[in-house]
Amino acid sequence: MSEKPLERIHESLSSQVIGAGLWALGLSWGLPMMSGLNLLQKRFPADRLDRLNRLYTRVQIALTGSRWRSVVHPDIDPKGVYLFAQNHTNHFDHVALYPATPHFKQGIELEEHFRYPVYGPFMKSRGTIAVRRGSRSAFEEMRRAMVAEVARGHSLLVFPEGTRTLDGRVGPFRRGVFHIARELGVPIVPVAVTGSFEMMRKGSWVIHPGHTITVYCEKPIPTAGMSKAEIPALMEQVRSVIAARVDAYFERKSALAR
């Protein structure tokens with residue numbers, strides 16, 4: 001066997017061992033925190049426990065061995081209500097974004113994820129909006145839940161791609177949440193997260209430490225008074241803002257590697 005394949009095997013084994021250690025650290029923090037929050041959320045409204053959620057998310061991302069920073073556009077009102085539209089990379093996406101701004105953000109999650117041990121009950125007790133696949137009635141249920149959250153003064157967190165990226169780039173968007181955003185009249189904050197793809201990607205559970213995860217919360221895009229005919233242009237505007245950040249990140253990486 002040649003030297004280079006041996007080096008690759010060694011690197012792969014090392015990555016798996018390090019990744020397993022990081023998962024152990026993360027679970028030793030995350031499981032007790034989610035269990036505790038689950039119990040508290042059954043007694044108190046989740047938005048009253050938001051400081052604990054921020055603590056949970058900040059420590060959880062740190063335990064991946066990643067550095068974290070946020071860049072927030074000054075037009076984002078700390079007391080405003082927004083729909084945060086984020087690129088979808090891995091299972092840590094909501095953890096990466098959550099502490100970037102002071103808003104209570106209610107997420108949208110596939111209904112089957114509520115069956116996961118610990119995580120599912122935690123998200124359900126928090127009020128996370130369930131998504132059932134494949135029917136008009138399911139979409140209407142999601143729409144009503146989103147309307148109710150905004151009425152409570154809560155912001156929303158969505159992943160318009162609907163699935164995690166395979167190459168780190170931003171995929172095509174689905175239009176359902178944009179119709180709801182227009183109906184609600186809430187501004188959309190495009191959110192681009194870079195560095196997360198190198199930390200962990202779809203198809204692998206290995207966590208790779210040592211990367212900087214940057215969360216860009218861009219200038220809000222208004223939807224009030226928008227017509228249905230304008231939704232395709234809105235989708236493209238939001239996607240282009242996110243994709244520009246992500247593409248620029250990979251271009252810088254490529255230039256440094258030359």
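Predicted model: local features only at pLDDT ≥ 70, side-chain atom pairs only at ≥ 80, totals over all residues.
Hi everyone, let's start inside the protein: N87, T89, G168, V193, T194, G195, S196, F197, E198, V246, Y249 and F250 line the largest cavity. Two or more of these lining residues come from each of β6 (188–194), α7 (196–199) and α8 (231–257).

Residues are numbered from 1 along each chain as its sequence is written, and side-chain values use heavy atoms, with hydrogens and water left out.

Back to that cavity. Its volume is about 60 Å³. On a 1 Å grid over the protein atoms alone, a cavity is a set of points where a 1.4 Å probe fits but cannot get out, a pocket is an open set with protein on both sides within 12 Å along at least five of seven lines, and lining residues have an atom within 4 Å of a point. Points are joined across faces, edges and corners, and the volume is the space filled by probe spheres set on them.

Now the second largest pocket, with about 160 Å³ of space. Around it sit R136, F139, E140, R143, H179, I180, R182, E183 and K228. The elements giving two or more residues here are α5 (136–151) and α6 (176–184).

So much for the spaces; what about α6 itself? V177, F178, I180, A181 and L184 of α6 are buried, that is, under 20% relative accessible area with a 1.4 Å probe, protein chains only. They lie on the same side of α6 because they cover an arc of only 160° around the axis, taking the directions from the helix axis to the C-beta atoms. These buried residues pack against β2, α5, β5, β6 and α8. Just after α6, G185 has a positive phi of about 75°.

Finally, the largest nonpolar core has 32 residues, and L83, M146, F178, I188 and V238 have the most contacts inside it. Such a core joins buried Ala, Val, Leu, Ile, Met, Phe, Trp, Tyr and Cys residues through side-chain atoms within 4.5 Å. Which residues does V238 touch, leaving aside neighbours within four places in sequence? They are A85, F173, F178, I188, P190 and I221, with contact meaning heavy atoms within 4.5 Å.

Key: Helix = DSSP H or I, 4+ residues; strand = E, 2+ residues; numbered from the N terminus. Buried < 20%, exposed > 50% of the residue type's maximum accessible area, 1.4 Å probe, protein only.
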